[in-house]
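Here is a short report on one structure.

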Amino acid sequence: MSAPPRIALVVDDDPAILRLLRVWLSGAGYTVMIAEGGRQAMEIVELHHPHLVISDWEMPDVNGVDLCRWIRHQTLPHYVYILIQTVRSGSDSVVSALEAGADDFVQKPVSKPEILARLRSADRVLDLEAKLQTLAKTDPLSGLATRRTFQDHLQREWRRAQRHFFPISCVMVDIDFFKRINDTYGHPAGDEAIKQVAQLLEKSVRGSDLVSRFGGEEFCVLLPETDELQAMIWAERTRKQIESQPIKIGKTELNITVSMGLAQRMADTKSPEDMIEMSDQALLVAKNSGRNRVLSYASLSRSPAEDSSEFSPERLFRGLKASEVMTSLVTGLRADENVRSAVQFFLRFRIGSAPVVDADGRLVGILSEKDAMSIMLLPNWGQTPVREVMKTNVVCYEEDTPAIRIYEFLCRVSIRTAVIVSDGKPIGLINRGTLLRWFANNLACHRKHEHSEFTPDLADDLPIFDARQELQATSRALLDAAQRLNDQLEELDQDFTGTVIGGASRIQELVNDLLTNCNDVGPATRKDDQQVHGLAGLLEAMGSALVSEQVNS
């Protein structure tokens, strides 16, 4: 298959020269692009990465030498050969252009035979540069990307995954008992084993994936936009393919197996190197536990009892999606509102953190009480936009993510909250409190059903939850708090703002408890439920008004 034509960019402010060179170069097999000045040429170089640039020296906006100097400072996928057209012939001009990065010159007026001959010379340079680049980026034995090439590609994909909240995983692959192959059949047999495993790995990946030889008999596979479960499915399928295809070495067939360790970038994974280290740890355990198997880094934190027990988390969350466990969002924070509004939001809904959205409702960050507190001693802290304080490295999962995966993540890391999204927009939260509440409700539910599958013995030990009793207890506490505040105000002569704020804050907490617990009252008490909501709303409004009045005074 022949290589595509090289792209030649012609830069000149003379339309006649542009038309002439377009005809000559197109006839010689180049793909020709035209720029009428230096600034337009810069845009084309950034977007289309031409192989050759033929530029006039004298141009009104950016001259040819400045354009040349600019190109040499860009990070481009290949070398750009620059040919300058000029009427100048002095040695000082030639030296200045060469030092700016020009490769060749052609005198005006331009002749067709001369410019085509110089372009053929440029092609020879570009061919050699392409071969050198291929040698530098490709492992000579396996034909795969080198470790350095892999690292560069990983850095780009890592930044993209962070920017768009995409998952990304990597898989370390090691040929089992490779030394035994070398010792028994010789090093040529070992080389052939590396080649054929490399070919099988390359055939099994997508165009967006990258397979590299990491050293010796070890490979690393990068899987962008792939979570740990998907990576596990790919790795297990590929392992079976390698196991089922004997490698032919002369007249001998060798059955070769591989061990694999994989890891996904998590919210607490600080760098690409950490993700590779995690997958390498999983690979080491896979080799030490019998080889010819796939292990994920997440599985290393689970004990065998957790995997085999009939009361395991896998059984508890079997078939459940994130949307079935999450706490639904009442509302969210906007990036353009101020921190004072965010504080009021936290106090009203009794939550410790909240997702932040842009004008279109898409997730852009997360703000916690700790983030807000970090600036509260600064002047005008309340007017600070949320976008300047929020964190952008949000832990988010799609609504159809298996709940067990989020459970395992929150058990393993120090991060407390995961945001559940649908089409990039937050729809709920899952934190440890969410999971504990779901677990308790699950037990309480099964306590009431005689034919429960789930841990009947544990459910028997759980006291039956009586929502009415909880409401009554909370109401009594609310009355006590109000009476205590009244008694304190009678005893104080002045400066009672702190007392009012503390008492009203306690009242607001109890009101929120009322609103939460009344959701558990059955249909038979719907009237009482409405009365509780009315009372709670009135008390909360009174408390807020009291605090506002005292603070303002």
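## Asp139 in its loop

Asp139 sits in the loop between helix H5 (112-137) and helix H6 (147-164). Helices (H or I, at least four residues) and strands (E, at least two) are DSSP runs, numbered from the N terminus. Asp139 is buried, with a relative accessible area of 13%. Buried means under 20% relative accessible area, exposed over 50%, partly exposed in between (1.4 Å probe, protein chains only).

The side chain of Asp139 makes a polar contact with the side chain of Ser142, at 2.6 Å. A polar contact is a pair of N or O atoms within 3.5 Å; within protein, one must be able to donate a hydrogen and the other to accept it, and residues adjacent in sequence count only if both atoms are side-chain atoms. Leaving aside neighbours within four places in sequence, Asp139 is in contact (heavy atoms within 4.5 Å) with Leu144, Ala145, Thr146 and Arg213.

## Basis of the model

This is a predicted model: local features need pLDDT of at least 70, side-chain atom pairs count only at pLDDT 80 or more, and totals for chains, interfaces and linings use all residues. Residues are numbered from 1 along each chain as its sequence is written, and side-chain values use heavy atoms, with hydrogens and water left out.

## The sheet

Five strands form an open, mixed sheet in the order E7-E8-E6-E11-E12. Two strands pair if DSSP finds at least two bridges between them. Strand E7 (210-215) and strand E12 (294-296) stand at the edges with a single partner strand each, so one side of each is left without a neighbour in the sheet. Neighbouring strands are turned by 20 degrees against each other on average, direction ignored. E7 and strand E8 (residues 218-224) run antiparallel, joined by five bridges. Leu210 has Leu222 as its bridge partner in E8.

## Strand E6

Eight of the eight residues of strand E6 (residues 168-175) are buried, so E6 is largely enclosed by the rest of the structure. In a regular strand the side chains alternate between the two faces of the sheet. Ile168, Cys170, Met172 and Asp174 lie on one side of E6, with Ser169, Val171, Val173 and Ile175 on the other.

E6 pairs with E8 over seven antiparallel bridges. Met172 has Cys220 as its partner there. Seven bridges also join E6 to strand E11 (residues 258-264), again antiparallel. Ile175 stands opposite Val258 in E11.

## Helices H1 and H5

Leu21, Trp24 and Leu25 in H1 meet Lys112, Ile115, Leu116 and Leu119 in H5.

Definitions and conventions
Axes are lines fitted to C-alpha atoms, for helices over the stretch in contact, and angles run from 0 to 180 degrees between N-to-C directions.
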